[in-house]
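Below are my notes on the model, as numbered points. Please read them with the coordinates open.

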Amino acid sequence: MASNNALGQQAKDTWSSEAYSDSASFVPKLTQTLLQYLDPQPTDKVLDIGCGDGKFTEAFLPFVEKVLGLDSSPAMIEAANREYSGEKAEFRVLDCCYLETDSSVAKGTWDKVVSNAALHWILRQETTRISTLKGIYDSLKPGGTLVFEMGGHGNIPEVSTALMYALVQQGIPIEKAREINPWFFPSVAWMTSALESIGFQVEKMEAEHRPTKLTSSVTGGLAGWVRLMGAVFLDALAPEKRDSVVQEVCEILQTTVTRVEDGSQWLGYVRLRGVAKKI
């Protein structure tokens, strides 16, 4: 999940399994279609890109031969190893922008590569975007399959806009706010073209508008989501300003994201799903 920032510097680890559970526990649960596309088989050796704390991995681990989960967050990998490592599963810290640096990953022996809710972080840097996809291609056996779900074009537009507006209000130039933005949400057309340019045969590519209900825990909800997912934005501010900016973002979004019938809050998620085969 956490990766290098837009300036190519190593980002600090802002993730924790506890905060993720409080603010984004819905992410590994809304994966029925992705799991159907993965179609796990008893002989599959699966590389899980951006595995986080392993909660998504857990859903298909019993049905495959072997899983290697990779994530650049030491905290999330520690949680994954604590809960799920064993004879069939290993979890390792690795910045997935640079898969080629680990020969055990890049040697072309994986039947499937899967990624859930991670590639929009991993592909953020334009300079490593295509080389990252090439690293995934190289990790697969001939005939191997990439299956992924990530944020697609138009994902969370309301909160992205509110976060950038809040930074500008704090005196940060809009150009800098755009540079800080930690996400890349590609369209169906961009992702299809990029994968085909490195040799993949794209079998499925689809975008789904999926409004998603936020958690309601005391430390979660909209404020918890902003603190966790928007941590890179908040890190651009002086520490004493961060809480007030989180409050400002929540106040800006209140009317847009809140349903009047029950007070629940929803964000405008757009998911991009794809299946591509190495030919």
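1. I156 is buried, because its relative accessible area is 2%, where buried means under 20%, exposed over 50% and partly exposed in between, with a 1.4 Å probe and protein chains only. I156 sits in the loop between β5 and α8. Its phi is near 35°, a positive value in a residue other than glycine. Helices and strands here are DSSP runs, H or I of at least four residues for helices and E of at least two for strands, numbered from the N terminus.

2. On provenance, this is a predicted model, in which local features need pLDDT of at least 70 and side-chain atom pairs count only at pLDDT 80 or more, while totals for chains, interfaces and linings use all residues. Residues are numbered from 1 along each chain as its sequence is written, and side-chain values use heavy atoms, with hydrogens and water left out.

3. D39 is a further residue to check for backbone geometry: its phi is positive, about 50°, although D39 is not a glycine. D39 lies in the loop between α2 and β1. With a relative accessible area of 43%, D39 is partly exposed.

4. T43 is placed in the loop between α2 (32–38) and β1 (45–49). T43 counts as exposed, because its relative accessibility is 56%. Apart from its neighbours within four places in sequence, T43 is in contact with E65 and D111, contact meaning heavy atoms within 4.5 Å.

5. How is β1 placed relative to the rest of the structure? Four of its five residues are buried, so β1 is largely enclosed by the rest of the structure. β1 runs parallel to strand β2 (residues 66–71), joined by five bridges, and parallel to strand β4 (residues 110–116), joined by three. Two strands are taken as paired if DSSP finds at least two bridges between them. D48 stands opposite G69 in β2 and has V114 as its bridge partner in β4. V46 stands opposite V67 in β2.

6. β2 is mostly covered, with five of its six residues buried. Five bridges also join β2 to strand β3 (residues 89–93), and these two strands run parallel. The bridge partner of L68 in β3 is E90.

7. Strand β7 (residues 266–278) is mostly covered as well, with 11 of its 13 residues buried. In which sense does β7 pair with β5? Strand β5 (residues 140–151) and β7 pair in the antiparallel sense over seven bridges, and E149 has R273 as its bridge partner in β7. Strand β6 (residues 200–213) also runs antiparallel to β7, with 13 bridges joining them. H209 has V270 as its bridge partner in β7.

8. The second largest pocket holds about 220 Å³ of space. A pocket is defined on a 1 Å grid over the protein atoms alone: it is an open set of points where a 1.4 Å probe fits, with protein on both sides within 12 Å along at least five of seven lines, and lining residues have an atom within 4 Å of a point. Points are joined across faces, edges and corners, and the volume is the space filled by probe spheres set on the points.

9. Which residues line the second largest pocket? The lining is H153, G154, P157, S160, T161, M164, R178, N181, W183, F184 and F185. Helix α8 (residues 157–169) gives the largest share of this lining, four residues. By class, five lining residues are nonpolar, five polar and one charged; Ala, Val, Leu, Ile, Met, Phe, Trp, Tyr, Cys and Pro count as nonpolar, Asp, Glu, Lys and Arg as charged, and the others, Gly among them, as polar.

10. D235 is found in the loop between α12 (231–234) and α13 (239–257). D235 is partly exposed, with a relative accessible area of 31%. Its C-alpha atom is separated by 9.5 Å from that of I180, 55 residues apart along the chain.

11. For the chain as a whole, there are 13 helices and seven strands. Of the 279 residues, 53% count as buried. Among contacts in the chain with a separation of 6 or more, 74% are between residues 24 or more positions apart. The chain exposes about 12100 Å², with 52% supplied by carbon and sulfur atoms; accessible areas come from the Shrake-Rupley method with a 1.4 Å probe, and for residues, only the protein chains shown count as cover.
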